[in-house]
Amino acid sequence: MKVLVKDKINTALNRLAENSQVYVPVHREGGSRFAPWPTVPGDELALDSLNTMFSPKEVVLPQTEKMYTFAARGQSVEIKETGEERKERVVFGVRACDSKAIAALDEVFLTRGYEDGFYKARREPLIIIGKACTQPGPNCFCSAMGVDPLEPDPVDVIIYDLGDAYGWEPRSERGQKLTQSLGDILADRDFQKPSAGEFQLQVDINGLPEKLAGMFEHPLWEELAEPCMNCGICTYLCPSCYCFDIQVKNRGTEGYRFRCWDSCMYPEYTMMAGGHNPRGSKHERFRNRFLHKLEFFQERYGTSLCTGCGRCIVACPQGINIVSIIKRLQEVELDVR
Amino acid sequence: MKELTDRVRQTARKLLDGQQVDLVLGWEKGPEPFRSQPVFIREPEEAEQLVFDEFCIHNLSTFLLDYRDGQEKIGIFVKGCDSRGVVRLIEDNQFLRERLYIIGIGCPGMKDPLAAARAASGLNGTEENEGLAAKCRECMYPNPVLYDELIGDEQPPHLEGERFAQVKKLEGMSAEERWQFFSDMFSRCIRCYACRNVCVACNCRRCIFDETRPQWVGRETNLMDNIGYHVIRAMHVAGRCVECGECERVCPVGIPLMLLNRKLIKDVNELFGPYEASLKLEEEASPPLSVYRPDDPDNFL
């Protein structure tokens with residue numbers, strides 16, 4: 001068995017960075033996040049915190065991404081693709097909730113008959129080094145959402161915190177290769193995998209998607225949505241919210257098309273060309289977010305789109321708590337139809 | 001505060017029992033000790049849910065906008081800053097005074113449940129719980145300025161030191177330093193619009209940032225589009241900001257929005273003042289930037 005002694009973390013990251021773009025969790029004023037290694041001044045490697053405030057989805061789905069540029073050249077138009085260069089990328093220290101979210105993004109962008117080229121270009125060369133979570137935080141409930149905090153998936157390597165070192169376990173062919181390339185930095189040592197700590201937050205999602213299918217018009221949504229102010233914090237901090245908009249910028253005879261995150265909390269999100277908004281009220285927008293997480297995604301892909309990371313619970317200015325909401329929904333007694 | 005909670009519950013029950021109001025806006029306890037959060041109650045027995053404690057920091061007046069097209073009579077609990085928010089809405093013709101029963105509470109200063117949640121979350125390293133919330137440490141008007149009924153004791157202002165100290169520091173910077181400062185701040189913005197949505201002065205039915213034809217501000221998350229957003233936002237609330245500090249409190253990336261708002265408060269004061277937004281409800285009152293006077297200063301044009 002291999003371990004990475006903590007004193008050698010920097011050496012290992014430097015080695016990886018020789019051939020790849022490496023992302024690590026950092027503390028930064030304005031919120032912890034995954035950022036490139038070597039870190040810039042102000043960023044501080046944060047492998048020991050529970051997780052990052054901003055999720056690693058930015059690595060595969062940046063908030064703003066140029067798609068192509070165009071320019072009028074006389075009677076013709078010149079179009080240039082501006083997609084990312086394909087190069088190997090390594091993201092280090094991804095927790096199980098966030099890797100489950102990447103699995104969900106993979107479903108959306110790579111399956112069901114259409115592959116999103118921009119996503120694929122970032123995702124395919126990505127090596128994920130997952131970190132087993134042993135001590136759930138006060139807002140963590142991944143286990144309730146069917147995630148094993150000790151088994152991030154998909155990953156290429158899993159690391160286990162052993163105190164002075166990280167237990168190092170390759171989980172894929174690419175992970176094996178990566179392990180070999182770090183051969184002189186990793187040490188041989190037997191270790192026992194740590195076990196998971198106890199979750200403070202528990203919630204039962206049994207039967208919830210089926211139940212929600214009959215609750216679209218339930219008056220509870222209006223009550224639950226009342227404190228919501230329809231900002232985009234929950235959707236932008238969420239590791240699995242993936243909605244984006246495609247927009248364009250023109251300057252004279254040239255310009256570019258880009259895509260950027262969008263949020264179902266915004267009225268503009270569903271605004272139609274004719275001026276009609278099918279989700280015109282705040283409770284309809286609120287309902288959509290929860291139904292997408294807990295019902296629609298389950299119906300289409302067979303898994304929940306909420307992975308229990310708890311970020312939205314921490315950051316909601318009005319204290320909206322998805323666990324409390326699931327509990328309220330579960331308490332509702334529906335007439336048998 | 002236990003006593004205040006009792007008074008809050010009694011008052012809400014009385015209002016709902018007597019059908020004086022259809023709805024009461026107050027605070028309830030969430031799952032954690034530091035979680036107080038907005039609650040909207042319609043039945044007298046629900047009054048038992050209400051609390052008033054050191055975490056009731058949310059400015060509830062903004063929520064009135066959700067009911068501006070309705071007929072309901074609404075009971076609302078307000079601290080000093082929240083009451084200025086109510087004045088803002090009435091002055092902006094967004095709400096009728098007659099539809100409100102306002103219960104004022106002298107505010108001893110609040111702690112921020114969001115800051116507490118972040119500190120406890122394990123997501124931001126060694127972030128410390130800050131005690132009295134930043135916005136409350138700047139507070140000059142803790143006592144409600146408009147109410148039908150007042151509960152609790154009058155409170156002294158919490159501001160220590162000079163109100164515009166930070167603004168003056170900013171004004172003292174060179175243009176390059178200021179550009180660097182704001183570039184650092186605004187490049188962080190994730191465009192979640194929480195600062196706009198929580199703002200009681202942001203009460204336009206159609207917000208410029210939601211417009212698509214034309215699209216006044218680009219949707220890219222980059223410095224230029226972010227600056228476009230923040231400068232327009234700040235200018236739109238100039239002379240109308242009630243200094244409740246909610247924008248800065250809810251910002252998930254810690255942009256010091258009140259610094260910008262306070263700079264504009266200072267400018268409005270110097271150019272058109274003395275002026276304090278929404279300190280009392282006056283017939284036909286309008287904020288300085290909504291009024292034209294032939295003797296308005298124009299030396300900046």
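Let me start with the interface: 43 residues of chain B are in contact with 45 residues of chain A, contact meaning heavy atoms within 4.5 Å. This is a predicted model, in which local features need pLDDT of at least 70, side-chain atom pairs count only at pLDDT 80 or more, and totals for chains, interfaces and linings use all residues. Residues are numbered from 1 along each chain as its sequence is written, chains are lettered from A and ligands numbered from 1 in the order written, and side-chain values use heavy atoms, with hydrogens and water left out.

Now the area. About 3,500 Å² is buried between chain B and chain A, and carbon and sulfur atoms give 53% of that. Buried area here is the accessible area, with a 1.4 Å probe, that two parts lose on being put together, summed over both. On the chain B side, B:L123, B:I190 and B:E220 lose the most area to chain A, together 19% of what that side buries.

Next, the polar part. Between chain B and chain A there are 20 residue pairs in polar contact, both residues at pLDDT 80 or more. A polar contact is a pair of N or O atoms within 3.5 Å; within protein, one must be able to donate a hydrogen and the other to accept it, and residues adjacent in sequence count only if both atoms are side-chain atoms.

Which elements of chain B supply at least two residues each to the side that touches chain A? They are strand 2 (36–41), helix 3 (113–121), helix 7 (194–197) and helix 9 (246–250). Helices (H or I, at least four residues) and strands (E, at least two) are DSSP runs, numbered from the N terminus. Helix 3 of chain B gives the largest share of that side, 5 residues. By class, the side has 18 nonpolar, 12 polar and 13 charged residues. Ala, Val, Leu, Ile, Met, Phe, Trp, Tyr, Cys and Pro count as nonpolar, Asp, Glu, Lys and Arg as charged, and the others, Gly among them, as polar.

On to salt bridges, each a side-chain nitrogen of Lys or Arg within 4 Å of a carboxyl oxygen of Asp or Glu. The count over all chains is 54, and across the interface of chain B and chain A it is 6. A:K249 pairs with B:D225, the closest N and O atoms being 2.4 Å apart. B:R219 and A:E268 also form a salt bridge, at 2.7 Å from N to O. That pair runs from the loop between helix 7 and helix 8 (223–237) of chain B to the loop between strand 13 (254–261) and helix 9 of chain A.

Last, some backbone details. The peptide bond from A:D153 to A:P154 is cis, with omega near 5 degrees, and A:P154 lies in the loop between strand 8 (126–131) and strand 9 (157–161) of chain A. In chain B, the bond from B:G273 to B:P274 is cis, with omega near 5 degrees; B:P274 sits in the segment after helix 10 (257–272). B:N93 is not a glycine, but its phi is positive, near 60 degrees.
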